[in-house]
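User: I am new to reading protein models. Can you walk me through the main features?

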Amino acid sequence: MNSGEPVTRLVKKGARRITLSIGDGANDVGMSQAAHVGVGISGMEGMQVVMASDFAIAQFRFLTDLLLVHGRWSYLRVCKVVSYFFYKNLTFTLTQFYFTFQTGFSGQRFYDDWFQTLYNVIFTSLPVIFVGLLNKDVSAFLSKKYPELYRDGIKNTFFRFRVLGIVAFFSVYQSIVVYSFVISSSSESLTSSGKMLGQWDVSTMAFTCVVITMNLRLLMTCNIITKWHQLSVGGSILAWCRIPLPEVRVFVMKNCSLILMIDLDNHGNLSFASRLFKYCRIYGY
């Protein structure tokens, strides 16, 4: 057995450190498998360690790019993706949680089943994919020029309890704003036929606010915004605006100066009027 394997296991378990092993021969296979991350160098000694490793490079000097550039970018992307998933699902769930207080904990659902099903599948899925693929805070040149930036991953700067606490705080805050805004705005509102708004009218408006807020919030957290980010966010919001919803009717909110027009076009699709927000004045917000 290669002496590198027991040393790696000792550091991994005894010191409780994240370990990386790099080798270029068959005798390094055990060490590569014992470490958290194994890197194999394809060379004259065969491909055994390459086949048993997590990553493969052609020369040892490429380890700089693997760690300082791609490794750091990957850490940053994973942290943002996981934090955003936690944020958007907590916000969406809390708006339903607040509704239970008004229904006496009867179990009445706030959103339609299709809303809950398509929320993570269509309306908020595509933008976060591009964040996980393209997001980066600095270029590859700066990452190698200032290797101390790699300390962010060692110290776990972007994914600690403090960061999750801040994300949870904003999630609670924005869910309260969305739910309170919808309830207060629709309490005295009427449909185009003079009837009071029903539950599905109110929940549709709340879902609209959640979808728009979650997608725009993602753009605010991105370190770099490309055309793919813009297209994915715009496409997600547009997908919600164009989905067929035959139960939605035109309504006007009268307890504030906001005029929100949601109507059906000739094909039975949901479309927004250009006057989405106009002279909005919600007292207390």
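User: What share of the residues is buried?
Analyst: A residue is buried when its relative accessible area is under 20%. This model is predicted. In it, 38% of the 285 residues are buried.

User: At what angle do α5 and α10 cross?
Analyst: Angles under 35 degrees count as roughly parallel. Helix α5 covers residues 113–123, and helix α10 covers residues 199–221. Their axes cross at roughly 20° and come within 12 Å. So α5 is roughly parallel to α10. The crossing is right-handed.

User: Which residues make that contact?
Analyst: From α5 come Phe115, Tyr119 and Phe123. The residues of α10 include Phe207, Val211 and Met214. By class, the contact of α5 with α10 has 7 nonpolar, 2 polar and no charged residues.

User: How are α4 and α9 oriented to each other?
Analyst: Helix α4 spans residues 63–102 and helix α9 spans residues 161–186. Their axes come within 8 Å and cross at roughly 40°. The two helices are therefore oblique to each other. This crossing is right-handed.

User: What classes of residue meet there?
Analyst: On α4, the residues in contact include Phe86, Leu90 and Leu94. On α9, Val172, Ile176 and Tyr179 are among them. The contact of α4 with α9 divides into 14 nonpolar, 7 polar and no charged residues.

Note on methods. Residues numbered from 1 in each chain as written. Predicted model: local features only at pLDDT ≥ 70, side-chain atom pairs only at ≥ 80, totals over all residues. Heavy atoms only, no water. Buried < 20%, exposed > 50% of the residue type's maximum accessible area, 1.4 Å probe, protein only. Axes fitted to C-alpha atoms, helices over the stretch in contact; angles between N-to-C directions. Helix = DSSP H or I, 4+ residues; strand = E, 2+ residues; numbered from the N terminus. Parallel < 35°, antiparallel > 145°, perpendicular 65-115°, else oblique. Left-handed = near helix turned anticlockwise from the far one by under 90°. Contact = heavy atoms within 4.5 Å. Nonpolar A, V, L, I, M, F, W, Y, C, P; charged D, E, K, R; others polar.
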